[in-house]
Protein chains: 2
Amino acid sequence: MTCKVGLLGLGTVGTGVAKILQDPVDRHPLLQEIEIARIGVRSLLKPRDVEFPDGYITEDLQSIVADPEIDIVVEVMGGIEPAKRLILTAIANGKHIVTANKAVIARYGDEIFTAAKEHGVYVMLEAAVCGGIPVIQALKQSLGANRITGITGIINGTTNYILSRMHAEGAEFENTLEDAQRLGYAEADPTADVDGFDAADKIAILASLAFGDRIKLDDIYREGIRTITSADIAWAKDLGFVIKLLGIARRSNDKTEKGIEIRVHPTLVPQTHPLASINGVTNAIRVEGDPIGEVVFSGPGAGSGATASAVVADIVNVVAALKASSKGASNEINQLMGCSHDRYATLSPIQNIATQYYVRLIAQDKPGVIGDLGACFGKHLVSIQTILQRNIHDGFAEIIVVTQTVSEQNFQAAIADLKNLAALHSIPTLIRVL
Amino acid sequence: MTCKVGLLGLGTVGTGVAKILQDPVDRHPLLQEIEIARIGVRSLLKPRDVEFPDGYITEDLQSIVADPEIDIVVEVMGGIEPAKRLILTAIANGKHIVTANKAVIARYGDEIFTAAKEHGVYVMLEAAVCGGIPVIQALKQSLGANRITGITGIINGTTNYILSRMHAEGAEFENTLEDAQRLGYAEADPTADVDGFDAADKIAILASLAFGDRIKLDDIYREGIRTITSADIAWAKDLGFVIKLLGIARRSNDKTEKGIEIRVHPTLVPQTHPLASINGVTNAIRVEGDPIGEVVFSGPGAGSGATASAVVADIVNVVAALKASSKGASNEINQLMGCSHDRYATLSPIQNIATQYYVRLIAQDKPGVIGDLGACFGKHLVSIQTILQRNIHDGFAEIIVVTQTVSEQNFQAAIADLKNLAALHSIPTLIRVL
């Protein structure tokens, strides 16, 4: 049996997929039984880096998801539409789906998996989260014996690249972003990356797999890295930390309400932590579970080769499952390979978390200010671990406060109250500590 | 359908497996369809940490592998015999195998997989290599689209614990080993760990999966860590390295002969390398492939929880495959989930590798010695990167030489020749550089 693939998209990822399938030697033996039947692109005029016979490539995307010859539709075009519509049509036509589209899965996973269940097809999404790092498969299978308690990850390469360079060079965010854009590590519109939307999409998918519940994307607490300055990076270094944009998902410690805590924000990570040394565009994901303890996966989070590798692995998994089963996709296999849960998780609101905090504030450089600060934090039950003060100019001092682990709610109340202190000039940065 | 498991062994791993299966909440849904039917132990008198009804536990191991009710035999007793015989009997009786026994798989994988193919059963071995790190599954599936070019790993926890402590404390090998034995991190007879046999078993299994060929264990070049001294550790630090026992497998660079290079030896690893910061009993494996680039997995390499997690994941995989297939284990699935290759790899002899070398030697502290050393290396085409000399006592100096990347054969010839230098006292340590 040869399995026929319809490829939607022939950009860097699609080209990577085609190249692997055209050169199967020394790779998985099942690759020899997979054939690209047709390829759909937005424009036939664009020059391509792979060769196909005449007629293979079409602008009629709809004809691919309707083609009765095609068994698996591989969607690597990106963007919400027409990708979402094509995926749903393909499912309705009984085709299995392999997708690298985190935006569609994070937003419409619900609709897509419900349709997949109804039509008995697989939806595979290894490539949608952290490219070549095989974390989706691990959560679905290899770590399946565990009760997953937490996932912490550097899951956006662009922001990790920017923060790594800020650390290495003492540069400011804006300059580094411009340079990253010039070098192709950041998009012309960097919002999805630097404001944490991309990381939120990914942590939503990971949390959904880890905890077995659907996640509402809008419920995820999200902060980006625009407010991080070279001053914060320097202070973090002095305190023994590096600043990373993390996606964090864990079973809530909150006693009063069962739930899951999911958030994306810049975080002070101790220099000895396994995620602290992950630099540049590399991604890394730390999974904690019972009884395994802790496992860390790291590798290329994006890029043509890594993403294509994940897409092809997913195609192979579908082909293997189809060959093993005479019945088509069974619910049992969907249970193993898909995302079959159908209830929504209760996300614990950010006010309920407990964390350490780093605060950088500017205040008048006069006696009694530290006392006033301490009293204000104390009033709100925020215990302080470290206070550092550095004289700056014009009668103002820069003060760094690192708290003990405190309730977010109490902490925010203390910050609101601090703003009433006459001696306070401003609070440029608040960063949570891992 | 409930799948019945016969468990061979109820030590730390077996107990861990039983505990997971007795408490399936929030773990993989298929766990609820898996039942431990019977347990075989060496002695009924030993106190156990889990409870089973009367009659579940037996000393008659043979009766478990012959029991027609049992679908999957889980072998977690360790050692070569009777484990090997029980596995083969179970296969002959049509039972699927999940094993954590790297020694049996590395030595008798050939016989076991041939029998499994003949009888149409699965043999799963995630737990046999690096406990909870899901690298076997990744090599078989998630990274299957890649042409794997190399695997480099810290795959023995005991030696990594010893070397990490020698680095941290400047202690000597013998004292650290004794302490590790006292704390339970090393066996009373530490040979398997400190002489690299355990690591050789594991790299053989990993290489076999990565390159698709069977590996003869005796062909693997192997050195342990007994010769590493605090002096070497200190020099390594000064030079920007840490010393790790690595298992290395890669497609040979040797142009004249196609083959695979597999070796286990202490290695100088640059402090900035992702494996350099893996300390204590943690294991880590770096997989290089085309097109993925590089992926690193790290986590607990041994221990009850980690190994049990891998065993249960393998049971779940078998159950899922059985549920999907009405036909029993097909060759197609074995291709995906097993080790179905049947030719032996040509291993490149150690003489053919090219590597950098660190040499510590003791010579008379007199003019001209460095010149003689340099001339001797030069005669054998061994280029030198660094020479450092430190005066020690009684007229002898300690000299450290770090070579460029050179042919192992030339290097060994140079070392043999060096021994003829009148001024040379001894060559206590030779360590390859990553």
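Reply: UniProt, in an unreviewed entry, lists A:Lys102 under "binding site", an annotation that may be inferred rather than shown by experiment, with a shortened feature name and a position in the numbering used here. The model is a predicted one, in which local features need pLDDT of at least 70 and side-chain atom pairs pLDDT 80 or more, while totals for chains, interfaces and linings use all residues. Residues are numbered from 1 along each chain as written, chains are lettered from A and ligands numbered from 1 in the order written, and side-chain values use heavy atoms, without hydrogens or water.

A:Lys102 belongs to helix α4 of chain A, residues 102-119 (a DSSP run of H or I, at least four residues, numbered from the N terminus; strands are runs of E, at least two). With a relative accessible area of 23%, A:Lys102 is partly exposed, the class between buried, under 20%, and exposed, over 50% (1.4 Å probe, protein chains only). Beyond its neighbours within four places in sequence, A:Lys102 is in contact (heavy atoms within 4.5 Å) with A:Ala128, A:Asp198, A:Asp201, A:Lys202 and A:Ile205.

A:Lys202 is found in helix α9 of chain A, which spans residues 197-211, and because its relative accessible area is 6%, A:Lys202 counts as buried. Once neighbours within four places in sequence are set aside, the contacts of A:Lys202 include A:Lys102 and A:Ala128, together with A:Val129, A:Cys130, A:Ile155, A:Asn156 and A:Asn283. As for A:Ile155, the side chain of A:Lys202 reaches the backbone oxygen of that residue at 2.6 Å.

Burial can be followed into chain B, where strand β7, residues 147-154, has seven of its eight residues buried and is therefore largely enclosed by the rest of the structure. Seven bridges join β7(B) to the antiparallel strand β11 of chain B, residues 282-290 (strands pair if DSSP finds at least two bridges between them), and in β11(B) the bridge partner of B:Ile151 is B:Val287. β7(B) also pairs in the antiparallel sense, over four bridges, with strand β9 of chain B, residues 241-251, where B:Arg250 is the bridge partner of B:Gly150.

Key
A polar contact is a pair of N or O atoms within 3.5 Å; within protein, one must be able to donate a hydrogen and the other to accept it, and residues adjacent in sequence count only if both atoms are side-chain atoms.
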